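Biologist: Hey, can we go through the charged pairs in this one? Please keep it simple for me.

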Amino acid sequence: MSRLDSKPVDELQLKRIQDLNVAAKYLEYRINELCPKGRERKIALQRLEEVAMWANKAIAFEGADE
């Protein structure tokens with residue numbers, strides 16, 4: 001399987017992805033609440049999006065490297 005191929009996730013993986021997304025949304029809320037508008041906040045939010053994407057991909061592709 002190519003690292004670019006999508007694969008279905010099972011119920012446990014989906015739950016873990018949803019839990020990560022809830023945590024990321026909370027952190028997004030806190031960053032928006034606590035950090036002043038500007039370049040640094042924008043970068044922090046972009047990196048948070050990147051972190052969530054890679055974490056979700058790690059779960060979705062769990063075991064694909066084996």
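**Salt bridges**

Modeller: A salt bridge here is a side-chain nitrogen of Lys or Arg within 4 Å of a carboxyl oxygen of Asp or Glu. This is a predicted model, where local features need pLDDT of at least 70 and side-chain atom pairs count only at pLDDT 80 or more, while totals for chains, interfaces and linings use all residues. Residues are numbered from 1 along each chain as its sequence is written, and side-chain values use heavy atoms, leaving out hydrogens and water.

Biologist: How many salt bridges does the structure hold?

Modeller: Three.

Biologist: Where do Lys15 and Asp19 sit in the helix?

Modeller: They're four residues apart in helix α1 (residues 11-34), so about one helical turn separates them. Helices are DSSP runs (H or I, at least four residues), numbered from the N terminus.

Biologist: Next one: which residue does Glu62 pair with?

Modeller: Arg16, in a salt bridge of 3.0 Å, N to O. This pair links distant parts of the chain, 46 residues apart: Arg16 is in helix α1, and Glu62 is in the segment after α2 (39-60).

Biologist: And what about Glu33 and Arg30?

Modeller: Their side chains meet in a salt bridge at 2.5 Å, N to O. Both lie in helix α1, three residues apart, about one turn of the helix.

Definitions and conventions. Helix = DSSP H or I, 4+ residues; strand = E, 2+ residues; numbered from the N terminus.
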